[in-house]
Amino acid sequence: MSALLSSPARRSRALGWGAIVLVVAYLGATLGVAHGSYYLQSLIPVAAVFAILALSLDLAAGMTGLYSLGHAGLFALGAYATTLMNAKFGWNVFVMLPVSIIGVGIVGIILGALSLRVSGLYFAIMTFIFTLVVVVLLSDFSFTGGLQGISGPILPDFPEALAFLGSSVVWCVGLAFLVTVVIVWSIRSSPLYAILLAIRDAEPFAAAAGVRTSLMKVGIFGLSAALAGLAGWAFSFLGFISPGQFSWTVSVNILVMVILGGMNTRLGPIIGAIFVTAFPTVISIDPLIQEVIFGAIFVLVIVFFPQGIVGILAGVVRRLRRRPLPATAEGTIEDARRPVADATLAVVEHGELSDDFALEARGVDFGYVRGTRVLRDVDMRVRRGSIHGLIGPNGSGKSTLVNLISGQLHPDSGTIAANGHRIERLGASQRAGRGVMRTFQTAVLVRELSARQNVGIGMYGTLHRVASRALLWPLFPSAHRDGRTLAARANSALSAVGLGSAWPGARVADVPHGVEQLIQLAAACVGEPSILILDEPLAGLSGGEVEQVSEILRGLKRDGVTVIVVEHQTRFIFEMCDEVTVLAAGELVKSGTAAEVRADERVREVYLGQ
Amino acid sequence: MLLQVLLSGLAIGSIYGLVAMGFAVVFYVTRVINFATGQLLMLSIMITAGLSRAGLPDGVSIVVGLAASAVVGVIIYFIAVRTVLRFDRFSFAWLVSTLGVAIVLQTGAALIWGPTSRGFPALLNRQTIRIGAAAITWQELTTIVVAAAAVIGFEVFRRRTLFGKVGMAISSDPEMAAAVGARVTGYAVAAFAIGGLLAGAAGVLVGPITYSNPYLGDTYGIAGFVALMIGGIEKPAAAMGGGLVLGVLSVAANTFINSQASDWFPFVVVVIVLLIAPHGLFASGNPFARWRSSAAARRASLGAEGRS
Amino acid sequence: MKRMIIASVAVAATLALAGCAGNSGGTGGGTILIGGIAGTTGAYGTTGQAVFNGTQMAVDEINAKGGVLGKKLKFEGHDDGASATTSSTLFSKLLSEGAVAIVGSPDTGPTTASLSSQKKLPVIGAVDDGGLTIYPDGPSKPPFPWAFSTSLNTFAWGGAIADYALANCPGGLAVLHDPSSYGLGGLAGIKLVYDAKGKKLALEDSITENWSTGATVGLKSEIDKIQASGADCVDVWLTPQDQASFVQEANSLGAKFTYFGNDETSADSTFSDLAKDQAKGMISALLTTEVNPTAKLTAFQAKYKSTFNVASTPFAELSYDAVYMLKQAIEAGKSTEAASIQKQLNKISGYDGLTGSLSFTPQQHTTINKEQLTIVSFDPATNSWQPLK
């Protein structure tokens, strides 16, 4: 779907036509409703307002994984601020537009900051409480009209010259809807989309690629809140506002709209919003029976079509088109049969070892719980341009040390320096900025995206101003150019690890484990790290894939990249590495050249003897 | 006055706590929040009241009401939760499906029994005990006793039987648990049945003062949920603690601040609790130790290979 | 991508066409449309249903006698589910269809009353039962100019009860009410009487309650406060469920009060069914025409029962009255224009309705006042409300 996939001129021209058709359709529809009956004019704008809310929630929850039950509260703040400022202080309604958006956005930023402290479910609960508090406050004060509510502000009609356009309220809501759609769909088409999904599904991966995940989460939630504030502003012109219209059930309804319509899709939230809003008004049978049917539909759709209404439609279309699923390349079946023990490893020149240390860790102490020690006074020095192995029995603290170097953890005492700079106090994304990148033992990629998009995440650091341009991505010519560059570099990175031809476009969920590992490797390399840490890169790989990895290491060494490899497969380590560090029970046992370490008595006792 | 506040608070708090436990037991095993738990409370009230009106003795009506809540709880598992979890363990789709069930139950009850409040057997609510200047009805006393029994009973059940140990395993990794032989479905059914039973018990205990009304599910569902947040979602015993705290604080707020304070005061409490101890006051021990050890636990889970 | 464009275009085209098509609206040649908005589902569904039934009976009778100005009346009632949003949508819908007036809403009265001013369309009949809904600034200030209520209202009940309490409660009157305009209206009605006599209430306290279920926390602490204030009478201005609950709790604490209710207490059997024997002695007020039914009222109630299979309630009766008053206003001005109807309604004086002798003036937009009420108390032996004094 992304515009950045394969974009010959024909594709962008097709998109251009599509956009024009959509715009014309939109204008026609708005004009029609603006001249329509009063009934249409109340129903459609309400549906549009909830579509804005659903889209904003999909941005936060569907794309970034921040499930919020607070959007009704944010919605209420926008509506009440506009109404009260206009009614009690005489502020112009158009002045209230930026005030609502920015004000509610700031509240969203505060709430978003909370999400950094508590995980998914608890965050949802806190936002739920937020809505409850807002509604209680609105109900208990006569200043806000109390339980009864107050009349919304009146939007001025169009001046004479534009009177042909019809109802100004319809155009107002319609424009707010259009702006929301443009922003949310632009983000979907931009590289930011892949990054948000990564934050949702694979946060360590995103952080390791240099994405400042905390800032992103807060920022996206703030944007989502700002859109909810916009919805509130528009809603206040629809007649009457009272606390009952913003209760926690409304928050849940918005989430239901998103899930029912189809989470994380372009049209899903809009369809969901229309369905939930229109159902009670359009289906006029005995209201109690209608509500029972409504509830039953929730259950049935979700149970049988967990991907929502959009999922149903997509399934129907797929059956009509009979599109085959992507086939796997033949090469892998051959590789899978080759046992690991027979793999022929690439030849690496262990030449002169440089005196310049790319990474120096001194006196590192660490314990997960106060009082215990997982690492005790560990030193590790890695020469620039070398391949350095890190081995040790299970529980020796290898992974912990890797996490300390790459930034997932911070040492209790000791120092770590990369390229001469002290990094032990920096976060993971900041260390990525300093050229320290890593892969993870169990590949944590975004399963619903393609290999190419995942590798694109690795390039986050090299792209300028992705986030700010994402809001209007398709409108920036520079964006198209950057998108194409991104795609091209991702393709070549994947080719470099042996995944050419059909692989870049394949979904990660569909590829075998070994390929996933290679994709991860490509993603780490494409960011042009100076120090690359590979955490058990051979786990679960077949013989052919191990050979591939050894080729890659050889290539990296030639390019001057310093590589640290954590592995269990000792043959690989002793053949590929220049130097090796051995850990056991949290302490350094031996560090030296591969030959030295292999011959060492203590090492044999501690490790190879097992 | 303080004694009255304490007694009344514990009584209503026990109701909240039972509902909260209803949520928590289900969450404990399946990691799902059953949004229809409040409606299960309502169901036992409606059935008990309906049968009593039809002439059956109170005892029989109550037993049938409780059984109904437990059975419907299990039905909810099969219809709305199991299929959803099978598709994707991590999605929040159960939110939509259990909510749908809640709407169906509530509106269905309104269709069957009418939307207005009708009577409920007075049970033990007419007799009062006086302790000093305070008074407590026998019904309220029974409520507190039942709540205590529920907590103790559950803890014993959890420690002495395999349920507790297996329960945690199932909730964190059902495939793995099934692979080692745990009968996942069986445990989930038990969890939903117990959850329904607890909510049903709360219904029968609070019925005499609320009378029977199909919309009670919303009110008590929310209250139970807030209690759950205060006490802690991970352990059902903590949920009861949260309920008691909520009950006493609400009554105290009403008495000492002003009559509308019970609207907002509990939420202020919840917000403060969530900021200091996000996993609940009673999750384990003192909130501050909880905070530090939860930070450590986060680091530990990073160290565990693979998952972060 | 293409799929999406096609889908979006389809939706947009539908909207555009619907817009052009649905533009006309307006009454079909030979009928006059009366709209209805009320909550016919939910906790107070029976009230809404009664409003619609009463309205329909009036419409059918009038049509049988030839209609109004030679045209038949058509009544279109819709459920607002007690939701302000739905009520707004329905109001606009009925307006677009050419309704000349709207009956309702007993549940979202504040919304319909407010919209009546905004859209300049008369709203009549059961417009909530809160006096403050019609007189938003208080009983001595002007009402919403386009809202004409024939409904039971809190000013009337509050006033009647206050009169009785002044004479019969030496220890003082405590008032417990909910914070909505319903409860505040009752309080305003009571205070109007007390202030006029220079007296103060022993206690006034507002409690939030859940409208559907009535479930409220903290009645015991209220009871303690009331006892501390020395009052011997309590007006529990809450829902019937909470009134029953209050009486039960007070009895369990051994408190001895004289209990007063509000218009809902005696409007149906909810309170008496729930409170059972404890309902004895609860004091409320009924329309004098209910206590001493006229022949006209008795005939109406019989016909209502045989048509709808349920007993009539005041909400049906006052809606019936409202439609007839509307008819009178249309005929007097010989027009269905909104402004004419408004003008003529303001001139109706002494209309003989089921609920009493009814009048509107520009300053008075409620037909039921405390003079039209009789104080009653509940007698469990006969399961009925009997007049006092």
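Two strands pair if DSSP finds at least two bridges between them. Strands here, like helices, are DSSP runs numbered from the N terminus, with at least two residues (E) for a strand and at least four (H or I) for a helix. Keep that in mind as we walk through this predicted model, in which local features need pLDDT of at least 70, side-chain atom pairs count only at pLDDT 80 or more, and totals for chains, interfaces and linings use all residues. Residues are numbered from 1 along each chain as its sequence is written, while chains are lettered from A and ligands numbered from 1 in the order in which they are written.

Let's start with strand β11 of chain A, residues 579-584. Strand β5 (residues 387-391) of chain A pairs with β11(A) in the parallel sense, over four bridges; within this pairing, G389(A) has V580(A) as its bridge partner. β11(A) also runs antiparallel to strand β12 (residues 587-593) of chain A, joined by six bridges, and here E579(A) is partnered with T593(A). The strands β11(A) and β12(A) form a hairpin with two residues between them, and A585(A) in that turn has a positive phi of about 50 degrees.

How many of the six residues of β11(A) are buried? Six of the six are, where buried means that 20 or more other C-beta atoms, placed from the backbone, lie within 10 Å of the residue's own. In a regular strand the side chains alternate between the two faces of the sheet. In β11(A), E579(A), T581(A) and L583(A) lie on one side and V580(A), V582(A) and A584(A) on the other, and both faces are covered.

Stepping back to chain A as a whole, the domain assignment, which is automatic or from a database, gives domain 1 (38-285) and domain 2 (348-435 + 529-542 + 558-610). Their C-alpha centres lie 48 Å apart. Eight residues from domain 1 of chain A and six from domain 2 of chain A make up the contact between them, with two residues counted as in contact if their C-beta atoms, placed from the backbone, lie within 7 Å. On the domain 1 side, helix α8 (residues 203-208) of chain A supplies the largest share, three residues. That side divides into five nonpolar, two polar and one charged residue. For these classes, Ala, Val, Leu, Ile, Met, Phe, Trp, Tyr, Cys and Pro count as nonpolar, Asp, Glu, Lys and Arg as charged, and the others, Gly among them, as polar.

Next comes the meeting of the two chains, where 37 residues of chain A are in contact with 38 residues of chain B. On the chain A side, α12(A) gives the most, with 10 residues. By class, this side of chain A has 27 nonpolar, seven polar and three charged residues.

Chain B itself has 12 helices and two strands. Of its 308 residues, 58% are buried. Among its contacts between residues at least 6 apart in sequence, 72% join residues at least 24 apart.

One helix pair in chain B is worth a look: the axes of α1 (residues 2-30) and α8 (residues 184-210) of chain B come within 8 Å and cross at roughly 175 degrees. These axes are lines fitted to C-alpha atoms over the stretch in contact, with angles from 0 to 180 degrees between N-to-C directions. Angles over 145 degrees count as roughly antiparallel, and α1(B) and α8(B) are therefore roughly antiparallel to each other. Among the residues that meet are I15(B) and L18(B) in α1(B) and Y187(B) and A188(B) in α8(B). The contact of α1(B) with α8(B) has 19 nonpolar, three polar and no charged residues.

Definitions and conventions
Parallel < 35°, antiparallel > 145°, perpendicular 65-115°, else oblique. Buried ≥ 20, exposed ≤ 12 C-beta atoms within 10 Å, placed from the backbone.
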